[in-house]
Amino acid sequence: ATANNPFDVVKTRLQVGAASGVSSHAVAKEFSSSQRSTLQWMLELVQSEGPLALYKGYMAKVARLGPGSAIIFCMYEQLMSLF
């Protein structure tokens, strides 16, 4: 989750930019203006909002993935004990 989060932030911003039919949306205007690579978007995001901008939504992701992973692990162990 930690290494993937910056890419998820950029992906989400690009998706918002693709839905730029809402002309008053600031992020949509910013991200729909030009074609750039993911790394270029990351650099611009860090320059404009700081390095922590790449980890927006990180706690929500961990709060979702942690319990789900624990449940999967427990179920796997229980199933393996049956065989």
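(The expected span is 1.5 Å times one less than the number of residues; helices are DSSP runs of H or I with at least four residues, numbered from the N terminus.)

This is a predicted model, in which local features need pLDDT of at least 70, side-chain atom pairs count only at pLDDT 80 or more, and totals for chains, interfaces and linings use all residues. Residues are numbered from 1 along each chain as its sequence is written, and side-chain values use heavy atoms, without hydrogens and water.

Asn5, Pro6, Val9, Val10, Arg13 and Gly17 are buried in α1. Buried means under 20% relative accessible area, exposed over 50%, and partly exposed in between (1.4 Å probe, protein chains only). Seen down the axis of α1, the buried residues fall within an arc of 145°, so they line one face of the helix. The arc is taken from the directions from the helix axis to the C-beta atoms.

The count of aromatic pairs is one. Ring centres of Tyr55 and Tyr58 are 6.1 Å apart and the planes stand at 85°, so the pair is edge-to-face. (Rings of Phe, Tyr and Trp, the last by its six-membered ring, pair with centres within 6.5 Å; planes under 30 degrees apart are stacked, over 60 edge-to-face, the rest tilted.)

Phe83 sits in the segment after α4 (58–82).

| Residue | Relative accessibility | Class |
|---|---|---|
| Tyr55 | 33% | partly exposed |
| Tyr58 | 24% | partly exposed |
| Phe83 | 82% | exposed |

How values were computed: Helix = DSSP H or I, 4+ residues; strand = E, 2+ residues; numbered from the N terminus.
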